[in-house]
Structures are given as C-alpha cells and as structure tokens.
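I opened this notebook to record what I looked up in the structure shown below. The entries follow the order of my reading.

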Amino acid sequence: MNRIDARFAEYKKQGRVALVPYVTAGDPGPDTTVPLMHAMVKAGADILELGVPFSDPMAEGPVIQKAMERALEHHVSLRDVLGMVSQFRQQDDTTPVLLMGYLNPVEIMGYEAFAEAAAKAGVDGVLLVDIPPEEAAPLLVALAKHKLDIVFLVSPTTSDERIQTIARSSSGFVYYVSLKGVTGAGHLDTDEVADRVNRIKSYTDLPVGVGFGIKDADSAARVAKVADAVVVGSALVKKIEEFAGSADKLEAAVAGLIAEIRAGIDQATV
Amino acid sequence: MSQAKSENQDKYNLPDDRGHFGEYGGIFVAETLMGPIQELREAYEKCMQDEAFLAELDNQLRQYVGRPSPLYYAEHWSKKLGGAKVYLKREDLNHTGAHKVNNTVGQALLARHMGKTRIIAETGAGQHGVASATVAAQLGLECVVYMGEEDIQRQAINVFRMKLLGAKVVPVTSGSKTLKDALNEAMRDWVTNIDNTFYIIGTVAGPHPYPAMVRDFQAIIGREAKEQILEQEGRLPDALVACVGGGSNAIGLFYPFIDDKDVAMYGVEGAGEGIETGRHAAPLCAGKSGVLHGNRTYLVEDADGQIIPTHCISAGLDYPGVGPEHAWLKDSGRANYVSVTDEEALQAFHDLTRIEGIIPALESSHALAYVSKMAPTMDKDKIIVVNLSGRGDKDIHTVANLEGISI
C-alpha cells in the first residue's frame, strides 16, 4: 500500500477529511519550497500537491500562472522538483506528495525515465491536467510499474459514462473540479458539488477529493461534508505572492491559512 | 471487389477516429473541455453531411469571400527566375485579404448551427482575428479576440479593424505575450464560458477535431487549384509550395493532392535570424515532438519541455507549434519541410511586388523565397503552384521600419 492509499484508509477509520494544499514548486524561489512543505504538514496538511512549473499552463487562472512564471524565472525544471521531493523525504517519509502539472515536461523526460525518477525521489502520484484517460495508456503502464498513482479529474461537464472511464483509470483518488473555469475562479455551489461527488462515489470505491473555488475555512468546511479530501490552491499561492519578499512571513502566512482551513474542516466533520 | 478494397486502403484517410495522424494529434485538454469537444465533433460531422449547411457554406464562400480565387501564372517572375513555371494561388484576393476567412466562415456557421451566441478567437498578426470579427459582424455574433500585448503594439491597424467590426480585443499579458499565450487565454475563456461560447481556432492545431475541421474548411484552396491547373495546363503541377506557421494554408493546398504521389510538397517555415542562432520559428525543421495546445506535434522547446519564444519577421509564422498533420506528413516523407530566413523572405517580398505588381504578406513571402531558390533548378516545362496566402498591406509598416522609413 502506498502512502496515499495508507492515508485515506487511516482517515476513513478516523472520519478525518484530508486537507491537500497546492503550491508551485520553486515559487517564489527554489529554496523556499522544501521548508514550506514541512511547515504545511506541521500546520495540518495531509497530502501535499506540488505544482511543476510549465511555460503554458492552460488550465490555470492568473494567480497560479504568475506562480509558475516566478518559478520559471529561476528555471525550475521537473528534475529540480524531483530533487525538492527527495530533500523533503529526508525528514518526512509519511506525508504523501502528489505532483501536479502538464504533460510536456514528462513527455520530454520520457514516461519510463520520469516514473523511475519520481518513485526514487519519493513521489506518490501525479495529476497531469492535459492528458485524459483516452491518451494515457502508455503513461499508465510506466506509472504502475513504479507504483505511482495517477489522479484524473472529473468536471461539471463530465458525462456519467466518462466518470466510469475516469474512475477505472484513476488510482489514489478521483479529483472533482467543482466549477467550470480555471483555477482560482468563481463561486462554489455546494449542493451541486454534493450531488456530483455522490454520483462519482456510486461508480468507484476510490476516495473523492474536491478542488477549485475553496479559499477559506467556511468553503472548506462545506466541501468537507461531502468529500474525502479538500484541495486548496490559489488562496495559498496568493499568500506566497503577497509575502514573496520574506521567507519567514511567507511560511507563517501559508501555515496560518492552512491551520484555519484545518480547523474549519475538523469542526464540520468531527 | 478486392481491387476496390485495396485502392481504398491506399487512399489517405487520416486522422483516425481518435484524431491521430500517426503518433501526432489527439486530444490533450483539461477534463472540462472533453464534453464540449465531443459536442463540437458531433455537430461538425453532422453539418458536413447536411446539404443545407453545405449549400450555405458554398454560398458564403462565393458571395462573401469571393471564391474561387484565381490561379495566376506569374509569367514575369517565372522568366526572371529562369526555370519552372510558377503559378500563384491568389488567396490574397479573398475578402479580408488572406486565406483565414475560408475557415472562419465555416466555423462561424457551425457556431450558429450549434446555437452558440458568442465566438472567441486567438490572433497573432491579427489576420485570423479580423477574419473572425468580420464573420461575427455579418452573422450577428458577439466576438472576443485574444491577442498578445506585444502583437497588439506591432499590429495597430488590425487591432483597429477588429474594433471597427465590433469585436472586443483583449490584451494578453501572460507568458511571452504573443500568439501562444493568446491561445492559452482563449482556452481559459472557453473552459469558463462553454455554455454559450464557440472557440474558432485559426489554424490546423488544437485538440481533435480542430486540425481536421480547419483543414477541411481550407481544402477549398487545393481543390480549386487542382481544377484550375488541369484547365490551364492540362496536367497536375510538379510541386506545391506554401508557408507553414500553424500550417492551415499549407494543408489547404496540400490535402487534395496527398494521393497524387507525383506532386511534391514543400512547407516553408520561418528560420527567423537563422536556425543556427536559435532565434527562429521552425518546429518541423529544428524542433522535437511534444504536447501543447491540445495536440502532440513538433514544438520549439527546451530540454526541460518548456516552450521557447519564437522569432520570425512575420507574426503569422511566429508560433512554436505546428499542425499535427504536418508532423505526420514530415515523418512519413510525403511532404518536405524547409525554412527561409527573415532576410530571404524580405527579398522575395520586394521581388514579387516589383516584378508582378503584387504585394505579398510576409508569411507568404517565405513560400515565395523558397520558390525563388527552387524554380531556377527546375526545367522550364516544370510547374510549381505556390500559395499566396495573404496580401502584404498589413506588413508595410514592418517593412518600412526595417528600412528606417517612418510612414
């Protein structure tokens, strides 16, 4: 059992909903990321989602676009991100790490070479925005060989038939994108999210995480009532942008928001 | 029966039903777009079987675009080059001044057919943006055009044209602030507004069905050229030449000739300041395979898989990717891909202007520059058809600036 499965199995027994913060690796600089990962765990994060910078992040709103641009100013590459994960693993061998990004950097490294290097670094799974299950067969083989999970997205426009295809191809958990649009957008309709999450759960035993539009303790609490994991991205990345000049303040601001959201989730679920 | 079957098997019939041209093409998009893409695909396939739709499209092409465009024998230039006879397919004479409108007319009709009230488009030089805004005005559709901030400054006249036509031009400030970023931004708009919005992609790239759909709308160029050359010369040409940015004018010319194996095909990319300088826009000549903007194709990218900003005197060729069908035609050897520099393209721009009285677009000037190298090496009874994809009025400021003239 890998770290992601182990966590969800344990949390199921406890009735705990996982908090999954997203930050872009190398934002605002390459040295910030590993200490920030530890700080997030300490503040109550359960699974870390680490963004791999890409020059053309088509599904991101302005907040994460800028984060990727900041990281790319330091030429942070996929190999550098794997280096950060290995460094993180020197002190933390239990918190799952999920890489989020776009296909091209993985494609250029080669699926097999990537999977081998990622597993060796201590990565547990990947979420690649621009590869649907229909195109993923060769990638799935390479990831499975190295026991890496792949998390696919389900969106408000996904048909029931596709939910089944996606659930069959996914491992670790299924990620429900709670609104139409890019990251950091809009307003959350909790009733619709509940309806869709239940529909996904009718097709799979995998845990369901929900992301997009969750920015504070209140929205996280509402989503936590129906989901197994709550993903928070742009709200944290905004803090990073705001405090980019000071590593201490940045860590404190991100940890502070995570602690608030943690409390919101726990109040709603325990 | 068996003979008919084997003939069918030999016939070119890509992409396959998942949008693949060999290993290229496909659908590489975020999940939210998978539903809308399927809806588009079904609507497109239905419309292409619908006689009323096809009649309306045909009428638009004749009465609004002004087709068929002439196939002009450039006698003076041919004699000067001293080799093959060169014919120009005059897409520059279309309404709005380029081949782009063949596609926007088709996609806008499809948008209306699907009940979409809002169209969005990306643009580099502004030609596709103008062609989209034009058709939107005619059909009464709302139109939003995404354009890189850098390009907005370089192409002020086209920006004003789009505004006159009622379109909203949105400056894109992310990434390199050019065409590729405009495409990213248009995709972000689409994913946010899928209920009422139709995304008109301007070239043969993007997720399936775009590469096939845009090709089918542009194939009118090759179908006409074939008929015209048979009428004027009584035989097929020896070679076709077209510039390749995303590659829509080139595919439009090439596609109806793919099964005519004796017709050679040359796609001409922008070598910018020279391939060896790294400052170019030539993914087929100098790039490698990768995934961007919804499809697998050749890209200008670095060793980490980041897309590198391209350089080309012509904004319409200034794009780091290329249509996946070109990637396939390159690998299969059916078409040849070459490149010419900014300087060579400029020379051809001046030559055609002075010798034939036709001011070509800087994009098309790349194709002409290659013809000027190739034609002299061929016998006088050989025939080249080159796609004059657009007129050069939009480029006169660029050319004047380079020559230190302010107008």
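**Entry: salt bridges overall.** I began with charged pairs and counted 40 salt bridges over all chains, a salt bridge being a side-chain nitrogen of Lys or Arg within 4 Å of a carboxyl oxygen of Asp or Glu. Side chains of opposite charge can pair when their charged atoms come close. I noted that this is a predicted model, in which local features need pLDDT of at least 70, side-chain atom pairs count only at pLDDT 80 or more, and totals for chains, interfaces and linings use all residues. Residues are numbered from 1 along each chain as its sequence is written, chains are lettered from A and ligands numbered from 1 in the order in which they are written, and side-chain values use heavy atoms, with hydrogens and water left out.

**Entry: a pair within one helix.** I looked up Arg262(A) and found a salt bridge with Asp266(A), the closest N and O atoms being 3.0 Å apart. Both residues lie in helix α12 (residues 247-269) of chain A, 4 residues apart, about one turn of the helix. I took helices (H or I, at least four residues) and strands (E, at least two) as DSSP runs, numbered from the N terminus. Is Arg262(A) buried or exposed? Arg262(A) counts as buried because its relative accessibility is 7%, whereas Asp266(A) is partly exposed at 25%. Here buried means under 20% relative accessible area, exposed over 50%, and partly exposed in between (1.4 Å probe, protein chains only).

**Entry: pairs linking distant parts of chain B.** I next examined Arg118(B), which forms a salt bridge with Asp189(B), the closest N and O atoms being 2.8 Å apart. This pair links distant parts of the chain, 71 residues apart: Arg118(B) is in strand β5 (residues 118-123) and Asp189(B) in helix α9 (residues 179-192) of chain B. Both Arg118(B) and Asp189(B) are buried.

I then found a salt bridge between Glu325(B) and Arg215(B), with the closest N and O atoms 3.0 Å apart. Glu325(B) belongs to helix α14 (residues 324-331) and Arg215(B) to helix α10 (residues 210-218) of chain B, 110 residues apart. Glu325(B) and Arg215(B) are both buried.

**Entry: a network.** I recorded that salt bridges with shared partners join Arg3(A), Arg89(A), Asp93(A) and Asp124(A) into one network.

**Entry: the interface.** How many residues of chain A are in contact with chain B? I found 35, which contact 40 residues of chain B, contact meaning heavy atoms within 4.5 Å. The buried area between the two chains is about 2,800 Å², and carbon and sulfur atoms give 49% of it; this is the accessible area (1.4 Å probe) that two parts lose on being put together, summed over both.

Across this interface I noted 4 salt bridges. Lys180(B) forms a salt bridge with Asp56(A), the closest N and O atoms being 3.0 Å apart. On the side of chain A that touches chain B, the elements giving two or more residues are α3 (62-73), α5 (103-109), β6 (153-154) and α8 (160-169). Of these, α5(A) gives the most, with 5 residues.

**Entry: a sheet in chain B.** I traced an open sheet of 4 strands in chain B, in the order β1-β2-β12-β11, with antiparallel pairing; two strands pair if DSSP finds at least two bridges between them. The edge strands, β1 (20-21) and β11 (288-292) of chain B, each pair on one side only.
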